[in-house]
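Please look over this note beside the model.

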Amino acid sequence: MTPFLEAIGIDKIYPGGVHANKGIDLSVAHSTVHAVVGENGAGKSTLMKILFGVEQPNAGEIRLEGQPIVLHSPRAAIAAGIGMVFQHFSLVPSFTVAENVVLGVEPRAGLKLDRKKASETVRELAERFRLPVDVDVPVEQLPVGQQQRVEILKALYRDARLLILDEPTAVLAPQEVVELFAAVRSLTSQGRTILFIAHKLPEVLEISDTISVMRAGKMVGTVAAKEATEKSLARMMVGRDVALKINRAAPGIPHTHLCRISDLTVKNDHGLNAVSDVNLVLRTGEIVGIAGVEGNGQSELFDAIGGLRPISGGSVELGTTDITHVSVLERRAAGMANIPEDRIATGSAGGATVAENIVATELTDKRFVRHGLLDLKSIRDHAAKLIEKFSVRVQGPESAIGTLSGGNMQKVVVARELSSEPSLLLVSHPTRGVDLGATEFIWQNIAKARDAGAAVLLTSADLSEILALADRMIVLYRGRIVAAFVNTEEVTPEVLGSYMLGFAEQSAEERNAALA
Amino acid sequence: MTQGRLFLSETGRIVMAAIFALAVTLIIIFFASKTPWATFETFVTSPLSSKRTIGIWIDDSVKLALAGLAFSLVFQARQFALGVQGQVYIGGLFATLVAFSPIGTTWLALPAGILAAMIGGAFIGFIPGYAKSKLGANEIVSSLMLNYIAYDICNYILRVYLASLESGLTTSAPFPAQSIYPAFIPRTRVDLGIVIALATTVVVWFLLYRTAWGLKLRLTGHNARFAAYSGIRSSFIMVSAMTAAGAIGGLLGAVFVQGTAYGKLSIGFEAGMAFEGILITIVARNRPLAIPFVALGYGYLRQGAALMNYRADVPAEVIGIVQGIVILLVASSFTVPGKAMLARLMGNRTAASRATS
Ligand SMILES: Nc1ncnc2c1ncn2[C@@H]1O[C@H](COP(=O)(O)OP(=O)(O)OP(=O)(O)O)[C@@H](O)[C@H]1O
Ligand SMILES: [Mg+2]
């Protein structure tokens, strides 16, 4: 049988000279789920962009149902029945779901958009493919998982027979992943084909029929999911065995109180309390994990401690200084570092070079700035050292950070924040979109910062990440601490889950035992 | 991307813009002129036809470059302050006041005039910045309003205190000789202004790329949230960028009135040139070192169009159309949809040619 989509000998060299795809062959069978995995910077996104007409290959051929096609633009790809959901969505925030979905090919009543028809069509589409979403709500009010559904619906509305998803699960909470996979199954059973990128191997093994592995721009192999194991895939990807295991903080070391958060109250963008009366003590040499369903106050809590959001009640003390209302600069000077949840919106300046991004937080450091003048050489050397140490795949310190692959950008952010040897380290979703080898590496480095005496506050959508790293854990539900644990074998995702969903709440004594 | 490659690709882009501009002009001339080829020849060659026209071309380019530099500073910080025009008028006025003061006939006349102009311009630049950081006032609106105010203040003082009767109240008396730039080539407008423009180019480049302030400014421009997150005081950066750009705008005012072209203050002396700095900096992608070259190229087209107006049957408004089209092309053809369009126009040829290169 002819494959649905075939790519033959695809080669891509970016204008900067990066050889991102080297003679890639890929063959995707009809009505299957085909995963593409590989390290950060392996060239996965590049390949997908070529298949969607965003990037042009330097050589190679694409065939759809046996027919050669040329995709010089996304428009051509859509016309050929190919849809793509990027990791960063392109929705109009103030438009409703239905408006976003039909945008560009609207049903019309005369000259005007036929709103009713649009809502109806989109609702039917959503039902048919098991992508439930409220079609008349503005997109900005939806959580990420639902926004992703809207993107998928947008592609389906344009009759996509092949749907390309670039790291769809990276931004989703576990429950949302389950829902996405249900939708994916219903799509393939209705004759659609899915091509997707992911880094978490259990997910990949669960949902896909076929798995292709890329490394350093080359396709190293394609296997049936049935015959693959996590271990075999990891070895294909990284070329060695990877053990995602981190040693806990050594017991018996006295942990002194470093950061005291008292009665903290923080408002969200709408002026409502996102965090209410949080009391928490962070100790040196210890990682505290915060679990919670997205939108229960984690981002606001981290922004408030990081100085990016005003604190409306309570206080934060770092060491002996009160940092409740001080500027980011003073917080950083007091020893804070911050790995933010969104590396593109908050963690980097896309158009600036890697070196400039790295030095941005150190502009008071005499090593890099003297008498207001930049020491370009030491800035470059410092960046080169971190690039080397964190094995960031980049041409050099002078490359614009925006041209890095997602995972490599994350490594730059992590490298910068850890290089200041912080005493208080805020970490949000540190390995989102990061490959297996790099996840291991980032975990090890967070653990190293902890062993060097940092107090670490960690949150992640991935419970296994919190369970792997944290020494103590708290659960946030609607902005309040509803449970606190010392991380032991007894604490499982199920136990955390019941608190995260608000089904249970610990008594004050129980909580305080783990909070003090 | 290495610096060398970047330089080549950027140069290529600017050359492309020039070719576009010429092609567009040619098309318009074909519609507007009875003798299109002769007219086009006038357009292309006339700026070089005499020492005098060359001088005008260079002098215009100096002013366009300074205006471009002022805009490049605020644009790199992603502030859309459009107050250069107002700064030019206040700068010109301050330089004039110095020229007619007792200092105006001493050797201090030029430096003191320039300094006064820069301080005046800086103040005009500072106001919208301060209003934005303290009151959240939109800098586009406030800087445009200030342009009117500055223009009227300048005219008022000129008419009431400075205007000479012979001129019909439109210009001041000529400056004392010590307050006018020495001409490098006699009987042309090639004067000290050229040195000022080149020095300013280097200073702006140095500030932006070699100082911590410049790095903070560019990072704020790239991503203000990132700047805040890294501990950069972006409101200070914003205000100081607008103030520094204001000083350059004021300097341009001094270059206008102290230059050999004027040597006096006249009503509306800036003639809308300040705004053309926006085009210069857009084509130069806000890169200071590219600005003098773009200014020379654009100044040439502009001069060609003006002379075509005198010597042939095509009105000078043509340059306005060319301006608009160049802005559109430069602003669009290098963004994603523009690239996709180019790719479609050229089909697979681009892909093939890139593979071999
Ligand atoms: N626009 C661009 N210009 C120059 N180089 C680029 C560009 N986009 C990507 N690259 C480079 O191409 C290589 C492959 O990038 P790509 O985004 O395809 O990786 P990826 O496999 O998707 O990685 P990740 O898992 O981190 O998302 C990287 O080295 C990256 O730096
Ligand atoms: Mg990618």
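1. Strand 1 (5–13) and strand 2 of chain A run antiparallel, joined by 6 bridges. Strands pair if DSSP finds at least two bridges between them. Helices (H or I, at least four residues) and strands (E, at least two) are DSSP runs, numbered from the N terminus. A:Ile13 stands opposite A:His19 of strand 2. The hairpin of these strands has 5 residues between them, and there A:Gly17 takes a positive phi near 105°.

2. On conventions: this is a predicted model, where local features need pLDDT of at least 70, side-chain atom pairs count only at pLDDT 80 or more, and totals for chains, interfaces and linings use all residues. Residues are numbered from 1 along each chain as its sequence is written, chains are lettered from A and ligands numbered from 1 in the order written, and side-chain values use heavy atoms, with hydrogens and water left out.

3. Which strand order does the open sheet of chain A have? The order is 2-1-4-5, with 4 strands in antiparallel pairing. Strand 2 (19–28) and strand 5 (67–69) are the edges, each pairing on one side only. On average, neighbouring strands are turned by 25° against each other, direction ignored.

4. Strand 4 (residues 59–64) of chain A pairs with strand 5 over 3 bridges, again antiparallel. One bridge pair is A:Arg63 with A:Pro68 of strand 5. Helix 1 (residues 44–51) of chain A packs on the sheet and touches strand 1, strand 2 and strand 4. Contact means heavy atoms within 4.5 Å. The direction of helix 1 makes about 65° with that of strand 2; axes are lines fitted to C-alpha atoms, for helices over the stretch in contact, and angles run from 0 to 180 degrees between N-to-C directions.

5. Now the interface. Chain A gives 40 residues to the contact and chain B gives 25 residues. Together the chains bury about 2,900 Å², 59% of it on carbon and sulfur atoms. Buried area is the accessible area (1.4 Å probe) that two parts lose on being put together, summed over both. A:Asn58, A:His72 and A:Leu374 supply 17% of the area chain A buries against chain B, more than any other three residues.

6. How many salt bridges are there between chain A and chain B? The count is 2, a salt bridge being a side-chain nitrogen of Lys or Arg within 4 Å of a carboxyl oxygen of Asp or Glu. One of them joins B:Arg218 to A:Glu356, with the closest N and O atoms 2.9 Å apart.
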